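Please read this briefing alongside the sequence and the coordinates.

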Amino acid sequence: MNPANAATTLSTLPEARMLEMVFPDHTNHLGTLFGGQALAWMDKAAFIVASRHARRTVVTARSEEVNFRVPVRKGQLAELVARIVHVGHSSMTVEVELTAEDPLTGDRRVCTTGRFVMVALDSNGTPATVPPLPVISE
């Protein structure tokens, strides 16, 4: 493989998927998912993919660009897909997409998207090196 011609593609990015059911205790007075609950699930998905990639203790350093586009309703399934899109020395940028699905009709909509920066730590709690993203030849 020639590194000069290598590229990372969406299909090769480290990924984690989660499914959650939106129950009444996850919702507000309008019957839609609390924003804080959506953020917690998104952060959890980001943690999982970053932990698996780094094979180290990982913490959230920052959440950014979170967009709540469409409400997620009580009774819907929430599918979260987290992908590492950039790796630094000790940090990983993770994009997370939350898609709501009506379990009766199969209708799906991307509802919330966001970016999280996760940092790998060594046993002393100091930022630690993480492996680079995989590359494939074009």
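The points below are grouped by topic. The model is predicted. Its chain holds one helix and seven strands, and 38% of the 138 residues count as buried.

**Chain and fold**
- Read from the N terminus, the order of elements is β-β-α-β-β-β-β-β.
- Among contacts with a separation of 6 or more, 72% are between residues 24 or more positions apart.
- The accessible surface of the chain is about 7800 Å², and carbon and sulfur atoms contribute 52% of that area.

**Largest pocket**
- The space in the largest pocket amounts to about 170 Å³.
- Twelve residues line the largest pocket; Glu95, Val96, Glu97, Thr113 and Gly114 are the ones nearest its centre.
- By class, the lining of the largest pocket consists of five charged, four nonpolar and three polar residues.
- At least two lining residues come from each of strand E3 (57-68), strand E4 (77-87), strand E5 (91-101) and strand E6 (108-121).

**Leu19**
- Leu19 belongs to strand E2, which spans residues 15-21.
- Leu19 has a relative accessible area of 58% and therefore counts as exposed, the cut-off for that class being over 50%.
- Beyond its neighbours within four places in sequence, Leu19 has contacts with Ala78 and Glu79.
- Leu19 and Ala78 are 59 residues apart along the chain, yet their C-alpha atoms are separated by 5.7 Å.

Technical notes:
Residues numbered from 1 in each chain as written. Predicted model: local features only at pLDDT ≥ 70, side-chain atom pairs only at ≥ 80, totals over all residues. Heavy atoms only, no water. 1 Å grid on protein atoms, 1.4 Å probe; cavity = no way out; pocket = protein on both sides within 12 Å on 5 of 7 lines; lining within 4 Å. Points joined across faces, edges and corners; volume = space filled by probe spheres on them. Helix = DSSP H or I, 4+ residues; strand = E, 2+ residues; numbered from the N terminus. Nonpolar A, V, L, I, M, F, W, Y, C, P; charged D, E, K, R; others polar. Buried < 20%, exposed > 50% of the residue type's maximum accessible area, 1.4 Å probe, protein only. Contact = heavy atoms within 4.5 Å. Areas by Shrake-Rupley, 256 points an atom, 1.4 Å probe, with all protein chains shown as cover.
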